[in-house]
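Please examine the sequence and the three-dimensional structure shown below.

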Amino acid sequence: MAFANSNNYITGRSPLRTPSGAEVVAVRFELDLLAADLALNDIGQVGVLPAGTVPVALYYDSDDLDTNATPTVAASVGVLNAAGTALSTATEDGGAVWGSGITTSQSGGQSAVVSKALSRVTPTAADRKIGVLFTAAAATAAAGKLGLTLLYRNA
């Protein structure tokens with residue numbers, strides 16, 4: 001199931017920052033999640049990687065989205081496939097999901113997403129949708145904010 005909410009970057013109401021030279025640009029994509037968004041295999045778009053750019057770094061931040069004493073929620077992050085139903089493992093998208101087994105939403109906080117796949121993304125002529133997939137459902141789901149801070153540069 002796709003996430004219930006969107007943000008201004010996804011809808012096009014806020015323009016994406018585009019590097020004009022060799023600089024690195026950082027954009028934080030924030031999404032309000034409902035408790036219903038935290039079921040097993042729920043997936044949705046959170047941000048956008050602009051055409052002609054490649055990621056440099058990615059940070060995942062979240063409120064406490066699983067208030068159970070023994071939280072279980074876990075997520076993966078990466079480029080959404082064309083149908084928006086899975087995270088891409090295409091070569092141009094890094095060959096794998098960018099980060100998996102992310103448990104930051106179990107208590108809230110921030111974590112760096114570090115992977116070989118993130119470093120191996122190649123530029124494309126079209127914008128790419130950055131998404132989150134919940135690979136383990138929340139034991140006690142709670143609504144809250146999820147954010148991705150993406151640093152990227154021209155290829």
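Leaving aside its neighbours within four places in sequence, with which residues is valine 132 in contact? Contact here means heavy atoms within 4.5 Å. With those neighbours left out, valine 132 is in contact with Phe3, Asp42, Ile43, Gly44, Val46, Tyr60, Ala75, Ser76, Val77, Leu146 and Leu148.

The model is a predicted one, in which local features need pLDDT of at least 70 and side-chain atom pairs count only at pLDDT 80 or more, while totals for chains, interfaces and linings use all residues. Residues are numbered from 1 along each chain as its sequence is written, and side-chain values use heavy atoms, with hydrogens and water left out.

Valine 132 also belongs to the largest nonpolar core. A nonpolar core is a set of buried Ala, Val, Leu, Ile, Met, Phe, Trp, Tyr and Cys residues joined through side-chain atoms within 4.5 Å; buried means under 20% relative accessible area, exposed over 50%, and partly exposed in between (1.4 Å probe, protein chains only). This core has 30 residues, of which Tyr60, Trp98, Val132 and Phe134 touch the most other members. Two or more residues each come from β1, β2 (43-49), β3 (53-62), β4, α2 (116-119), β7 (128-136) and β8 (144-154). The greatest contribution, five residues, is that of β1. Helices (H or I, at least four residues) and strands (E, at least two) are DSSP runs, numbered from the N terminus.

Leucine 33 lies in strand β1, which spans residues 24-33. Its relative accessible area is 3%, so leucine 33 is buried. Not counting residues up to four places away in sequence, leucine 33 touches Phe3, Leu38, Leu65, Phe134, Ala143, Gly144 and Leu146.

Two aspartates in loops may now be considered. Aspartate 93 is placed in the loop between β4 (74-79) and β5 (99-102). With a relative accessible area of 7%, aspartate 93 counts as buried. Beyond its neighbours within four places in sequence, aspartate 93 is in contact with Val79, Ser88, Trp98, Ala117, Val121 and Arg128.

Aspartate 64 is found in the loop between β3 and β4. Is aspartate 64 buried or partly exposed? Aspartate 64 is partly exposed, because its relative accessible area is 32%. Apart from neighbours within four places in sequence, aspartate 64 is in contact with Ser105, Gln106, Ser107, Gly108 and Ala142.
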